[in-house]
Amino acid sequence: MEQDTLLKFENVSYTYEEEEENNRLAVRNISFEIKKGEFIVVLGHNGSGKSTIAKLSNSIYLPTSGRVLVDGMDTSVEENEIPCRKKIGVVFQNPDNQIVASIVEEDVAFGPENLNLPQKEIRARVDEALKAVGMYEYRLHETHRLSGGQKQRVAIAGIIAMRPAGIVLDEPTAMLDPKGRADILETVHTLNKELGMTVVLITHFMEEALHADRIFVINDAVVERTGTPDEIFSDAAFLETCGLELPDTAKLCLLLKKRGVSLPDRIFTPEALIEELVRQTERA
Amino acid sequence: MIKDITIGQFFPGSSPIHKLDPRAKILILLVYIITLFLVKNFFSLLLLFLFSFICVLISKISAKSVWKSIRALIFIVIFTAVLQIVYNKNGTVLLKPFPQFDFCITSGGVFTAVFLVLRIIALILLSSLLTYTTSPTMLTDAIERLLSPLKLFHIKVHSLAMMMTIALRFIPTLIREIDIIMSAQKARGAKLDAGKFGERIKALISVFVPLFVSSFRRAAELAVAMECRCYTDGANRSRLKVMRFALRDYLAFFICAVIFAGALVVNYVPLCQSLLFERVI
Amino acid sequence: MSLLEVKNLSFGYSRATPFEIQALKDVSFNIDEGELVSVIGHTGSGKSTLMQMLNALLTPEQGEVLLEGKNIHESKTSAYEARFRVGLCFQYPEYQLFCETCAEDIAFGPKNMGLPPDEIRERVKQAARFVGLDEALLDHSPFDLSGGQKRRCAIAGVMAMRPKILILDEPTAGLDPAGRSAVLDMILHYRQETGATVIIVTHSMEIAAAVSDRILVLNQGALVFDSTPAEIFSHYEALVSMGLNVPSFTKIIYALQKRGLHVQNAYTAQAAADAICAMLHAEETSP
């Protein structure tokens, strides 16, 4: 396995045991490779199986068949369980159900405490993690009084205090208001750009995928397509068959083209569209 | 309203009381409660009451919050006082409102009533101060350490403490959840706050079923989230906040020891009592 | 006379504690029969408090709510009846399902109204139709349904009370794009069939823009705007300063205007496309 691969799925299938889940969600024979430092967005409608990927990636679920490798370590091997979880942290949808302690800094310390680190090291990591998510001023606040977005940032801090190489976020913004959603996205981009962390963002909000390095589209338990945002967002029909939609800007571009406006292909961010329209009017 | 419960709440601060080692606070509170129940003498009680009062002042907890904790138990306070005044027949008769009945109010009754009320309030003051000035995690940490000798008897002290931490963390969340579910069922006409007894019981089912379902879901999700953060039951964990007794803790022990001993001396040595009485009366 | 008249409502939480919140400040507005109104505001703007006053779950500290001219907070009986006349569906309503079968759960409200069994059965079936819940599923446990079906079942439970006003708090929260448009279609369909008045509480500007006749904007407990979507979205900067997210089409138009281009305001994809086309044509024809 190559040195710079952080997470690798090899023909992974996963079936829920029937008593555990009524609607036997699963992933079927999926394979992909994520390189260190990449920003990946996994898109799929509810029930497509995209959330299962999160739990498979750090040994919470073990594949029914196939292999998951975290930095070369097979997650199915028992001794690899903790090392895998140290390498890849997972943040879930409901921030309330991830916070263990009543005080912000005590919660962020939970992971490092489990790693049995010395006190000074824990202190340093907690402060560093809280600063990275912009919650340092809140370190002594009670967790239950925070807003949803703030709680979710504390949950992210709790993961990065373990200094993983990668972080998988399973619909982290689904329960948040627009402000909270924007804050989380900014935080996640900072982690990727400034701390060089590998990020896998699982979501059904198209706008969150605009700045990804690569997008995986999941439908009916399989990876239907992978590609850069412009590859994925230039095929509206395909997205629709996967129960997804175009990002707003791409939608607008499509309508403009129908009205006879000539636009270059692959415009999907507001900034790009605005620049193009300004250019066209200036030319005229 | 259910949201207004303040018992068990923590108000972060930096007063000397906040800074004390939680173990010291728990131990002092324990000795204080024992002393409080040993003393039968009014002056001793007054001393202990003043002690708790001064502690509250030092902690800089707002009077409103303190009053709230007393108000929560005000019924018990009043009930105790009334019981004493009605049934205690010691001392001289102060008032006999209905000559045809045996009922009368005696000096002994009034004295005991005041004594018991003071004792309960003193108890509430210092106990609520413990939770007001100590974060729940620190509190459970302290309890875990104080109970650690139990490990010798193969009791999983750490798991117990973790359970307490999580319970304390989720109390506010569950209170809010109950509030929402109750409102939602009331919006469909559930008779939660009015109606016949049978109707209310039925309505309560509409609250408890969703609450249980969601609690189990929360528990499952929390367990996964904890595993993701490398938690394994029984493994060695280090701590962000290491507890070490500092000078101020020894100082606190010393001051409290003097005050509690003083209270006990006044209580048990007859000479002291007579001296005090002569001075005051 | 309007169907619903809200006059000078004020309310606060946790009075006399360090966590005191003034949730509503002197809020007044009217809603007419058959309107579809969206109430938007950031988290903590007082939306939820306001909604719980409209069906008398909460009693205002000041002000009154008149439903068909009568104060719903007048007596205990009027407050209890208001719950059925103003149906309130909470956020994530699927978390309040509790009966053994979907049919029983939908019937909970009508039963509390004291309706005869035949009528209840009729209403359950009709409500299930409104939300597009397969009749075969009515005998299943609500806990066996998928997430989207649970949401439909819970909404049906409120619709079955046949309220004059149906209030939905964040009906699309947590749903994916397909789920979102399905729920919105369902609400529009319900409104068409029954002619009922509908209030949608949301922080999604896209939803408010897409479906409502009128939008109320709450900010820190006060009602700041009460107008048509077109009018509301022309206050771009005010909305942003309130922490609200403007529809992305409005954002693009606004950015173009900032760049000195003459383009009309718009808040839906179609309108934005039309406005941009008009702008480009105007530029071409001008010298």
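These legends go with several close-up views of a predicted model.

Residues are counted from 1 along each chain as its sequence is written, while chains get letters from A and ligands get numbers from 1 in the order in which they are written. Since the model is predicted, here are the ground rules: local features need pLDDT of at least 70, side-chain atom pairs count only at pLDDT 80 or more, and totals for chains, interfaces and linings use all residues.

**View 1. Chain C as a whole.** Let's start with the confidence scores. pLDDT is the predictor's confidence in each residue, on a scale from 0 to 100; chain C averages 91, and 98% of its residues score at least 70. For the model, ipTM is 0.90 and pTM is 0.86. Chain C contains 11 helices and 10 strands (helices are DSSP runs of H or I with at least four residues, strands are runs of E with at least two, and both are numbered from the N terminus). Its C-alpha trace spans about 75 × 50 × 40 Å along the principal axes. A compact globule of 287 residues would have a radius of gyration near 19 Å, and the 21 Å of chain C agrees with that (this radius is taken over C-alpha atoms, and the globule rule is 2.2 Å times the number of residues to the power 0.38).

**View 2. Inside chain C.** Of the 287 residues here, 49% count as buried, meaning that 20 or more other C-beta atoms, placed from the backbone, lie within 10 Å of the residue's own. Two residues are in contact if their C-beta atoms, placed from the backbone, lie within 7 Å. Take the contacts in chain C with a separation of 6 or more: 61% of them link residues 24 or more positions apart.

**View 3. Two domains of chain C.** Domain 1 runs over 4-244 and domain 2 over 247-287, with bounds from an automatic or database domain assignment. Their C-alpha centres lie 35 Å apart. Where they touch, domain 1 of chain C brings 9 residues and domain 2 of chain C brings 6. On the domain 1 side, α7 (205-211) and α8 (229-233) of chain C each give two or more residues, and α7(C) has the largest share with 4. That side splits into 7 nonpolar residues, 1 polar and 1 charged (Ala, Val, Leu, Ile, Met, Phe, Trp, Tyr, Cys and Pro count as nonpolar, Asp, Glu, Lys and Arg as charged, and the others, Gly among them, as polar).

**View 4. Chain C meets chain A.** Each partner puts in 31 residues. On the side of chain C, the elements giving two or more residues are α6 (177-194), α10 (248-258) and α11 (269-285). Of these, α11(C) gives the most, with 9 residues. By class, the chain C side holds 14 nonpolar, 11 polar and 6 charged residues.

**View 5. Chain B meets chain A.** This time chain B supplies 28 residues and chain A supplies 37. The chain B side comes to 15 nonpolar, 6 polar and 7 charged residues.

**View 6. Strand β1 of chain A and its partners.** Strands pair if DSSP finds at least two bridges between them. β1(A) (residues 5-15) pairs with β2(A) (residues 26-35) in the antiparallel sense over 7 bridges, and A:Phe9 stands opposite A:Phe32 in β2(A). β1(A) also pairs with β4(A) (residues 65-70), again antiparallel, over 5 bridges. There, A:Glu10 stands opposite A:Arg67 in β4(A).

Note on methods. A residue is buried if 20 or more other C-beta atoms lie within 10 Å of its own, exposed if 12 or fewer, and partly exposed in between; C-beta atoms are placed from the backbone.
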